[in-house]
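Open the model in your viewer and keep the selection tool at hand. We will go from stop to stop, and at each one you will hear what to select and what is there.

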Amino acid sequence: MAEPSWQELLRLRLIERDAKESSFSSVIEQYRRLAQQTKLLKERNATLLRAVNSVKSSPNSSATSTAASSEENPIRAAYLASLESQISSLRDELATVYKTQGQNAQRLLAMNETLREKEELARIDTENLRKVKDELAVLKRKVDQHAELMQEKDRTVQILHDEISTLQLELGQIEERNQNLQKDNAKLLQRWLDAKQAEANKMNEANAFYEDMRFRHQANAKNGTNGSDASPSSSGKGELKVNHQETETPDGTLSPTLKNVNLTPNG
């Protein structure tokens, strides 16, 4: 699992700090070894000088063999002590080297394990990056398709707007024409009603004239006029029949109109 970004940044900063601090560690170690060897050499030289001085300060009355053996033994002993001290320091250094080598081996194993993990993480990141790139390509294609679809819809909407504008213009013209036709129809209806009213008035006058003639004929019949004169209804000369019917006008009112008119031959 990948570490958080801030932890990774902190780890990199610590690695940089360790690299800067340990850049001169080898030189410091060399100087330390040189100082240690210098100290050992100084101690050996001091031991040898003390041995020589002790030999020189011995009395001259001693025998030559005894003087030679006493001169040789302290120097040899000092030299052997110096060598033993060097061997001990070299053993310590060898143990330190073995210890450092073991630590380096452990660090190398840890670094190899870390490197393997980082390579695995890099492989996973590469695979994820490839998948993300593929998804990005698919999304780009979808975006392009949606853009083309939106452009097509915009063109269709523009066409529909133009058609709607044209239809609204035609609808306005049709409504204006309908209004004109309604006005014309109202005028024609009014003229027709006026004409029918005039006809009805004429028929009413004819009916009044007929009733008057009939009334006169009946009056003459009662007064003993000539019996040969038949009444208009019985003489077969015809009769006048007027039927009226109410017609509904456009404004909802009823107007009387003539439904059926039968005129006599004399009418």
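## First stop: Tyr31

Select Tyr31: at 59% relative accessibility, Tyr31 counts as exposed, where exposed means over 50% relative accessible area, buried under 20% and partly exposed in between (1.4 Å probe, protein chains only). Tyr31 has its place in helix α2; helices (H or I, at least four residues) and strands (E, at least two) are DSSP runs, numbered from the N terminus.

Before going on, a word on what you are looking at. This is a predicted model, in which local features need pLDDT of at least 70 and side-chain atom pairs count only at pLDDT 80 or more, while totals for chains, interfaces and linings use all residues. Residues are numbered from 1 along each chain as its sequence is written, and side-chain values use heavy atoms, with hydrogens and water left out.

Together with Tyr31 they form a nonpolar patch on the surface, with about 560 Å² of accessible area. Patches are made of residues with over 30% relative accessible area and no salt bridge; like charges are joined within 9 Å, and nonpolar side chains (Val, Leu, Ile, Met, Phe, Trp, Tyr) within 5 Å. Accessible areas come from the Shrake-Rupley method with a 1.4 Å probe, and for residues only the protein chains shown count as cover.

## Glu29 and its partners

Stay in helix α2 and pick Glu29, which is found there. Glu29 is partly exposed, with a relative accessible area of 27%. Which side chain meets Glu29 in a salt bridge? Show Arg33: the two side chains meet at 3.6 Å, N to O. A salt bridge is a side-chain nitrogen of Lys or Arg within 4 Å of a carboxyl oxygen of Asp or Glu. Arg33 and Glu29 are four residues apart in helix α2 (residues 25-56), so about one helical turn separates them. Arg33 counts as partly exposed, at 30% relative accessibility.

Next, show Arg32. Its side chain is joined to that of Glu29 by a polar contact of 2.3 Å. A polar contact is a pair of N or O atoms within 3.5 Å; within protein, one must be able to donate a hydrogen and the other to accept it, and residues adjacent in sequence count only if both atoms are side-chain atoms.

## From helix α1 to helix α3

Select Glu8 and Lys118, whose side chains meet in a salt bridge (3.8 Å, N to O). Glu8 lies in helix α1 (residues 5-21) and Lys118 in helix α3, so the pair ties together parts that are 110 residues apart in sequence. Glu8 is partly exposed at 24% relative accessibility, and Lys118 is partly exposed at 30%.

Move along to Arg123 and Glu120, which both lie in helix α3, three residues apart, about one turn of the helix. Their side chains meet in a salt bridge (2.4 Å, N to O). Glu120 is partly exposed, with a relative accessible area of 34%. The structure holds twelve salt bridges.

## The whole chain

Zoom out and colour by confidence. The mean pLDDT (the predictor's confidence in each residue, from 0 to 100) is 77, and 72% of the residues reach 70 or more. Confidence is highest in helix α3 (residues 64-222), at a mean of 87, and lowest in strand β2 (residues 254-262), at 44. Over residues 226-267 the pLDDT is below 50, and beyond near neighbours in sequence this stretch has 62 contacts in the model, a contact being heavy atoms within 4.5 Å. Where pLDDT is low, the predicted coordinates should not be read in detail.

To finish, trace the protein chain from the N terminus: its elements run α-α-α-β-β. Of its 267 residues, 8% count as buried.
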